[in-house]
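The sequence and structure are shown below.

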Amino acid sequence: MTSSDAPILELKGIGKSFKSKTSIADRLTGRGARVLRAVRDVSLTLHAGETLGIVGESGCGKSTLGRCITGFYEPDEGEVLYAGRPFLETGTRLERSRAIQMIFQDPYSSLNPRMTLAQALDEVLLVHGLRKSTGERSNRVDELMDTVGLPPALKHRLPHALSGGQRQRFSIARALAVEPRILVADEPVSALDASVQAQIINLFVALRERLGLAYIFIAHDLNVVRYVSQRIGVMYLGQVVELADADSIFEFPGHPYTRALLSAIPEANPEHRRETASIEGDLPDPLSPPPGCSFSTRCPMAVEICRNTAPPARLIAGHAVRCHRGEEVAAMSKSMRSGEFGPHASRSS
Ligand SMILES: Nc1ncnc2c1ncn2[C@@H]1O[C@H](COP(=O)(O)OP(=O)(O)OP(=O)(O)O)[C@@H](O)[C@H]1O
Ligand SMILES: [Mg+2]
């Protein structure tokens, strides 16, 4: 039974691994291919009209998670539920692609260089049987161009004649052509200039409000994610280590890794920057992650239990946090906001 506030998408303990290529060392030691767990035990929900931002360093599993959501990858563990039903058992592949569409960092690689924008959009409508007559399809092409803010005259151009921003607008139009309910946007503005980034981000926000879309918005830049998202999930080595309301993540980070990410943003939170060392050390080898908490090798707060036992996700002050010391981290963030440690006083002096 689905109620109006039931999530449109639910991930329950998703895991996705890849077999690594065997190296010479692997062969010499006879251990064969190793397994890289790119996404580990990720659970989250997404509601209609909501944007869930996903952030984390390169290689933490954001794109792999996105591809598990769209059905491009079948997870090895857990379930992806769409409107309460297992997504991969929902209709044909074509029907599933109408429900969830993906937008990439570099739209050029997924565009046919020989098709004009109008031809490409027409083809999508035709394949999905969405408008019967040529005239209806032509009207819909004009409407889609308008929806994403592309001048009508561009529809007879080829993709290479577009600027980066126009190309991303076009890839959004192509995704919208099938009237999806969810867009998974994987670093959709990372390749664009700052001024163009802002325009495309504003387009995403406007489209969500107008069309009631739900987004999974993936980016490595926490500021970009904050602007578009109602909730944010922070990933580290394949896991979501903190998930909470966007404003709350910024104000009261509950995981040492989130605090470290925030401290790397100059204007984000002067208080946290003062009190938190930025992340030291390298990302561990994802083929052999640390035995306990995956962040323990870089965490300024790590103690014995962190190095031995993986922390489960716990709800602390409204944040789902994977940290043994989550209560202390939350308390530190709260007391800094209230000025207990005196950062406001020192800031004004
Ligand atoms: N098809 C694949 N085969 C083998 N390993 C893969 C494959 N795709 C991703 N990986 C590995 O899985 C891990 C997660 O990769 P993923 O691309 O999901 O990270 P990401 O967070 O999207 O990184 P980026 O910010 O660089 O895009 C990485 O260690 C990566 O090398
Ligand atoms: Mg990626």
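A polar contact is a pair of N or O atoms within 3.5 Å. The model is predicted, and the distances in the table below are computed from it.

**Contacts with ligand 1**

Lys-62 meets this cut-off, with a polar side-chain atom 2.8 Å from an oxygen atom of ligand 1. Ser-63 likewise places a polar side-chain atom 2.8 Å from an oxygen atom of the ligand. Cys-60 takes part through a polar backbone atom, which is 3.2 Å from an oxygen atom of ligand 1.

| Residue | Part of the residue | Distance to an oxygen atom of ligand 1 |
|---|---|---|
| Lys-62 | polar side-chain atom | 2.8 Å |
| Ser-63 | polar side-chain atom | 2.8 Å |
| Cys-60 | polar backbone atom | 3.2 Å |

On its own, ligand 1 has 630 Å² of accessible area, and the protein covers 63% of it. Two elements, strand E2 (35-46) and helix H2 (62-70), each give two or more residues to the shell around the ligand. H2 provides the largest share, three residues.

The shell around ligand 1 has 14 residues, of which Ser-58, Gly-59, Lys-62, Ser-63 and Thr-64 come nearest. By residue class, the shell divides into six nonpolar, five polar and three charged residues.

**Strand pairing**

Strand E2, which contributes to the shell, is joined to strand E1 (residues 9-19) by eight bridges in an antiparallel arrangement. One bridge pairs Lys-16 with Val-39 in E2. E1 also pairs with strand E4 (residues 77-82), again in the antiparallel sense, over five bridges. Here Leu-9 has Tyr-82 in E4 as its bridge partner.

How values were computed. Residues numbered from 1 in each chain as written. Chains lettered and ligands numbered in written order. Predicted model: local features only at pLDDT ≥ 70, side-chain atom pairs only at ≥ 80, totals over all residues. Heavy atoms only, no water. Near = heavy atom within 4 Å. Polar contact = N/O pair within 3.5 Å; in protein donor to acceptor, adjacent residues only side chain to side chain. Areas by Shrake-Rupley, 256 points an atom, 1.4 Å probe, with all protein chains shown as cover. Helix = DSSP H or I, 4+ residues; strand = E, 2+ residues; numbered from the N terminus. Nonpolar A, V, L, I, M, F, W, Y, C, P; charged D, E, K, R; others polar. Pairing = 2+ DSSP bridges.
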